[in-house]
Amino acid sequence: KEVVAEAEVESLGLTYLSTPPEPLILNEVLAGSWGEEMGLQPGQEILHINDTNPTAMSTKQFVAALKARPLRFKLRAAAEGVFTVVNPRDNSSSSTAPVLELYAGKHEERIGLGFQSIAPERAIIKKVAE
């Protein structure tokens, strides 16, 4: 999927699980935002930003690229059947970021995720393998 933010788009309404040079995975798409209008979903990977792979960018280049217009994203769909995105509904957390629920088959030896923190703390995914 490819989407373009034209000059009139001030804010993308997106948050990311990590920033380049790590793979760029959408974490949250804000309600009413350009991202929502374009049909973007948490879990999608941004493969190219204006024809450049984000893993080839520094964080500084990434921030500058997000400000450019037109801004073109080429995205890969979130992996179906691997994870689903839900928003926490209880009051135990002040975070509104999506929660990823991962279901791996009993024969899966690796899930391709690197974690920043794990239980008993909230598990935070730091890296997703290609």
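Trainee: In this predicted model, are Trp34 and Phe73 buried or exposed?

Mentor: The coordinates are those of a predicted model. A residue is classed as buried under 20% relative accessible area. Trp34 falls into that class, and so does Phe73, which makes the answer for each of them buried.

Trainee: How many aromatic pairs are there, and what is the geometry of Tyr16 and Phe62?

Mentor: The count of aromatic pairs is two. In the pair of Tyr16 and Phe62, the ring centres are 5.5 Å apart and the planes stand at 85°. Planes over 60 degrees apart meet the criterion for edge-to-face, so the geometry of Tyr16 and Phe62 is edge-to-face.

Trainee: How many residues apart in sequence are the parts that Tyr16 and Phe62 tie together?

Mentor: Tyr16 belongs to strand β2, residues 14–16, and Phe62 to helix α2, residues 59–67. The pair therefore ties together a strand and a helix, and the separation in sequence is 46 residues.

Trainee: What are the relative accessible areas of Tyr16 and Phe62?

Mentor: The cut-off for a buried residue is under 20%. Tyr16 is buried, at 19%. Phe62 is also buried, and its relative accessible area is 3%.

Trainee: What is the geometry of the rings of Trp34 and Phe73, and which elements hold the two residues?

Mentor: The ring centres of Trp34 and Phe73 lie 6.3 Å apart with the planes at 65°, so this pair is edge-to-face. It links distant parts of the chain, 39 residues apart. Trp34 is in helix α1 (residues 34–37), and Phe73 is in strand β5 (residues 71–76).

Trainee: How many salt bridges are counted, and where in the chain do Glu2 and Arg72 lie?

Mentor: The count of salt bridges is two. One of them joins the side chains of Glu2 and Arg72, at 3.3 Å from N to O. The partners are 70 residues apart, with Glu2 in strand β1 (residues 2–5) and Arg72 in strand β5.

Trainee: Which residue forms a salt bridge with Arg76?

Mentor: The closest N and O atoms of the pair are 3.8 Å apart, and the cut-off is within 4 Å. Arg76 lies in strand β5 and its partner in strand β4, 31 residues apart.

Methods:
Residues are numbered from 1 along each chain as its sequence is written. This is a predicted model: local features need pLDDT of at least 70, side-chain atom pairs count only at pLDDT 80 or more; totals for chains, interfaces and linings use all residues. Side-chain values use heavy atoms; hydrogens and water are left out. Rings of Phe, Tyr and Trp (its six-membered ring) pair if their centres lie within 6.5 Å; planes under 30 degrees apart count as stacked, over 60 as edge-to-face and the rest as tilted. Helices (H or I, at least four residues) and strands (E, at least two) are DSSP runs, numbered from the N terminus. Buried means under 20% relative accessible area, exposed over 50%, partly exposed in between (1.4 Å probe, protein chains only).
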